[in-house]
Amino acid sequence: MILSHAAAANLYREKYQASQEGIVGITVQTFWMVPKYPTTSCRKAALTALDFFFGWIIHPMTYGDYPETMRDLVGDRLPKFTVADMKMVKGSLDFVGVNYYTARFAEEATASGCDIDLSYTTDSHANLTTERNGIPIGEQVLYPIALLWYATKTSIISGYNLIIIKLFAPG
């Protein structure tokens, strides 16, 4: 998907952008990640989980490669971009749309739980939940929109230097 997007973006920019004056973007589905407890391991789990949900797509399109956390945790199972791919992918979007409905609490998964079945669902080494001590993270839509607004102002998302961030939510 990332390479297809980049190829289409490059074609649009070369052949049509000058006459149409358009911009190129992509919409991704993500969750905002909240540390489940105020610990270093939960903060790290939240950042890592955000890399796996948001950075997986946006980081290559901004910097030319997957987030370092993904490289470290997934290893050889994560596809590698060629130098030509990196050049084509980097900068292939002007804005990102975000399909966003709710947030997740994140805490570090135990090493034994993550090493049993290596897969997309365990690679981040983070357990994601919608409750902490029996209390839900918040109402869908209203609370998460506030969290995403905060997220766009933090270095986590603003580090992508995107011109526009659009939020899509039910309503």
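In this predicted model, the side chains of aspartate 94 and arginine 13 are joined by a polar contact of 3.0 Å, a polar contact being a pair of N or O atoms within 3.5 Å of which, within protein, one must be able to donate a hydrogen and the other to accept it, with residues adjacent in sequence counted only if both atoms are side-chain atoms. Aspartate 94 lies in the loop between α5 (83-89) and β2, where helices (H or I, at least four residues) and strands (E, at least two) are DSSP runs numbered from the N terminus. Aspartate 94 is buried, with a relative accessible area of 15%; buried means under 20%, exposed over 50%, and partly exposed in between (1.4 Å probe, protein chains only).

Histidine 59, a residue of helix α3, is likewise buried, at a relative accessible area of 19%, and its side chain reaches the backbone oxygen of aspartate 65 at 2.8 Å.

Isoleucine 2 touches Trp56, Ile57, Pro60, Met61, Tyr66, Phe81 and Val89, residues up to four places away in sequence not being counted, with contact taken as heavy atoms within 4.5 Å.

Residues are numbered from 1 along each chain as its sequence is written, and side-chain values use heavy atoms, leaving out hydrogens and water. For this predicted model, local features need pLDDT of at least 70 and side-chain atom pairs count only at pLDDT 80 or more, whereas totals for chains, interfaces and linings use all residues.
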